[in-house]
Amino acid sequence: MKFGIVVFPGTNCEQDVYHVVHRVLGQPTVFLWHKDRDLRNSEVVILPGGFAHGDYLRCGAIARFSPIMDEVIAFAQKGGKLLGICNGFQILTEARLLPGALLQNASRKYVCRQVRLRVENTNTFYSRAMKPGQELEIPVGHGEGNYFLDDEGLKRLEGEGRVVFRYLDNPNGSRNDIAGVINERGNVLGLMPHPDRSAEPLLGSVDGRLVFESLLAAA
Amino acid sequence: MVARVFVTLKPGVLDPAGKAVEQGLHSLGFEEVSGVRLGKYLEFKLAETDPAKARSRVEQMCRKLLANTVVENYRVELE
């Protein structure tokens with residue numbers, strides 16, 4: 001399965017993602033520069049973590065208008081699999097591909113640590129290799145991961161089973177302990193924790209690998 | 001023409017930075033302060049002389065980029 005990893009100026013997790021999908025899982029993988037206008041036949045597009053365009057104005061606000069985003073949005077609208085990790089999740093909410101917004105952590109601190117998540121929906125391209133209710137240990141590293149959505153939106157999201165990952169030890173103040181959400185169609189997922197940093201035993205957890213293995217299982 | 005744009009968090013949206021400022025004011029003895037909300041202020045020149053057109057353009061800018069209307073409100077002043 002061909003993976004395309006989008007690189008914006010300020011992205012800093014593209015090598016982590018590349019390492020997992022290419023070296024650990026052996027998939028063909030290309031980097032896509034934010035000024036490109038071609039996804040080069042990628043079957044899965046990943047927006048990795050970092051500080052795209054310096055996170056000026058708001059996290060993801062400028063990146064959302066990078067030239068490649070026209071292609072990324074069109075890809076998602078055709079049902080293409082699109083995964084946003086951390087800063088990538090912020091970009092997806094700014095692009096309105098996912099509902100809500102990611103605000104400054106309630107603690108006002110950058111949190112960088114292992115968190116525990118519960119898998120709330122295993123019927124997605126990104127979680128189908130997991131067991132219902134399975135607990136995962138995956139690290140976070142962010143200052144703006146505090147998921148906000150208004151009451152009505154939250155009710156709908158929960159009702160439709162679109163909260164895919166929930167924190168067991170909420171590190172940032174996210175409403176309803178939300179760590180990861182999926183779009184209505186089920187092809188676009190965003191999450192704050194880093195599955196790319198927890199895919200090998202040396203890193204203390206291999207739970208993150210399940211996100212990528214789910215994608216491969218779906219093929 | 002000069003545009004001034006005020007971007008503020010919607011009521012009910014958590015504002016950790018505003019809370020920090022409020023605590024700072026309290027620790028300086030300004031105990032009468034409550035409900036601090038931190039926002040953004042932008043100022044820029046516009047090559048447009050028609051106020052109605054200018055307002056419509058600036059509001060487009062706000063909706064597309066300057067504010068995230070999921071969590072923020074905006075207010076435009078023209079001069």
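Two strands pair if DSSP finds at least two bridges between them. With that in mind, welcome to this predicted model, in which local features need pLDDT of at least 70, side-chain atom pairs count only at pLDDT 80 or more, and totals for chains, interfaces and linings use all residues. Residues are numbered from 1 along each chain as its sequence is written, and chains are lettered from A in the order in which they are written. Helices (H or I, at least four residues) and strands (E, at least two) are DSSP runs, numbered from the N terminus.

**The sheet of chain A**
- Nine strands form an open sheet with mixed pairing, in the order 2-1-3-4-11-10-9-6-7.
- Its edge strands, strand 2 (29-33) and strand 7 (135-142), each pair on one side only.
- Strand 6 (residues 111-119) and strand 7 run antiparallel and are joined by eight bridges.
- In this pair of strands, Val115(A) stands opposite Ile138(A) of strand 7.

**A look at Lys81(A)**
- Lys81(A) lies in strand 4 (residues 81-85) of chain A.
- Lys81(A) is buried because 22 other C-beta atoms lie within 10 Å; the cut-off for buried is 20 or more, while 12 or fewer means exposed and anything in between partly exposed, with C-beta atoms placed from the backbone.
- Among the residues that Lys81(A) touches are Glu43(A), Phe125(A) and Leu215(A); contact means C-beta atoms, placed from the backbone, within 7 Å.

**Where the chains meet**
- The contact takes 13 residues from chain A and nine from chain B.
- Helix 1 (residues 16-27) of chain B gives the largest share of that chain's side, three residues.

Note on methods
Contact = placed C-beta atoms within 7 Å. Lists of a residue's contacts leave out its neighbours within four places in sequence.
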